[in-house]
Amino acid sequence: MGPELRSARDPASISRMSWDGEAYQRRFDRLAARGVAVHGEADFVDRLGPGSVLDAGCGTGRVAAELARRGREVVGVDRDPSMLAVARTRAPGVSFVEADLCTATLGRRFAIVLMAGNVVLFTDPGTEAELVAGAAGHVEAGGLLVAGFVLDGRFDLADYDRFCAAAGLSPDARYATWDEAPFPGEGGYAVSVHVRPRSDGAAVDRDEGDRRARVRARAAALGVLRPADAEVVDESQAAVASSLGTRAV
């Protein structure tokens with residue numbers, strides 16, 4: 001366990017968990033210095049061409065800062081002040097909000113709400129549905145909720161899909177990695193894409209249509225299963241996660 005995590009990681013103590021933002025960010029700085037690609041989540045989101053992004057559970061702002069560097073409008077939200085202090089220093093041009101995703105109300109919606117880095121695994125036990133509802137509540141009509149997390153038995157994909165459905169979202173695609181490898185893969189990881197359908201029946205605008213077409217075409221080309229049809233990865237396959245988007249240490 002690395003110094004970036006200041007408290008035990010067992011489920012009973014998640015509510016007491018706090019982070020050392022500087023130590024956490026140094027982990028990724030060391031990886032980047034060795035030439036490791038650390039922007040898989042930003043690459044994934046950028047390919048979808050969003051007009052706006054909410055980096056939900058943004059931590060030190062690694063993804064938000066990279067998306068902003070690429071010209072995307074992005075807002076970050078996290079409940080940990082140590083993480084946000086680093087984020088605000090490293091990306092002063094990005095708006096970062098200290099709030100719990102379970103209850104946050106930012107007063108606007110976004111084309112993409114991103115939950116990278118095992119966000120759903122680090123909410124307080126029993127608040128997973130509230131977390132998903134809080135994130136989904138910031139997705140605009142026709143927009144996407146994108147989440148990546150380790151499949152290690154702590155949180156089931158079927159439950160995640162059920163919480164998304166309860167929040168008014170429909171399954172769109174699922175991948176095994178941020179570079180869109182077909183699901184299920186061998187790494188015990190899932191990147192799930194859910195969409196908020198338009199309620200007025202209006203045709204999507206051109207930018208939104210292009211974005212949705214890219215998602216569907218890419219999924220079809222890779223043979224990616226939609227969440228409603230995909231099998232949940234067996235827990236025995238989920239022992240190890242290699243995604244750089246995780247906070248697990």
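A nonpolar core is a set of buried Ala, Val, Leu, Ile, Met, Phe, Trp, Tyr and Cys residues joined through side-chain atoms within 4.5 Å. In this predicted model, the largest such core has 62 residues. The residues with the most contacts inside this core are Met-115, Leu-145, Val-146 and Tyr-160. Strand E5, which spans residues 139-150, gives the core its largest share, seven residues.

The protein chain has 249 residues, of which 51% count as buried. Its secondary structure consists of seven helices and seven strands. Read from the N terminus, these elements follow the order α-α-β-α-β-α-β-β-α-β-α-β-β-α. Among contacts in the chain with a separation of 6 or more, 70% are accounted for by residues 24 or more positions apart.

With neighbours within four places in sequence set aside, Leu-145 is in contact with Val-113, Met-115, Val-132, Ala-135 and Val-139, among others. The list of contacts of Leu-145 also includes Tyr-160, Cys-164, Leu-169, Ser-192, Val-193 and His-194.

Six aromatic pairs are counted in the model. In one of them, the ring centres of Phe-149 and Tyr-160 lie 5.5 Å apart and the ring planes stand at 65 degrees, so the pair is edge-to-face. Phe-149 belongs to strand E5 and Tyr-160 to helix H6 (residues 157-166), so the pair ties together parts that are eleven residues apart in sequence. Phe-149 is buried, with a relative accessible area of 0%, and Tyr-160 likewise counts as buried at 0% relative accessibility. Tyr-160 also forms an edge-to-face pair with Phe-155, with 6.3 Å from centre to centre and 80 degrees between the planes. Phe-155 counts as buried at 8% relative accessibility. Together with Phe-163, the residues Phe-149, Phe-155 and Tyr-160 form one aromatic cluster.

Charged groups placed over aromatic rings involve two arginines described here. The charged end of Arg-154 sits over the ring of Phe-122, at 5.9 Å from the centre of that ring. Arg-174 lies over the face of Phe-183, and the distance to the ring centre is 5.9 Å.

Helix H3 covers residues 62-69. Within H3, Arg-62, Val-63, Ala-64, Glu-66 and Leu-67 are buried. After H3 comes Gly-71, which has a positive phi, near 95 degrees.

Definitions and conventions. Residues are numbered from 1 along each chain as its sequence is written. Side-chain values use heavy atoms; hydrogens and water are left out. Helices (H or I, at least four residues) and strands (E, at least two) are DSSP runs, numbered from the N terminus. Buried means under 20% relative accessible area, exposed over 50%, partly exposed in between (1.4 Å probe, protein chains only). Contact means heavy atoms within 4.5 Å. Rings of Phe, Tyr and Trp (its six-membered ring) pair if their centres lie within 6.5 Å; planes under 30 degrees apart count as stacked, over 60 as edge-to-face and the rest as tilted. A charge sits over a ring if NZ of Lys or CZ of Arg is within 6 Å of the ring centre and within 35 degrees of the ring normal.
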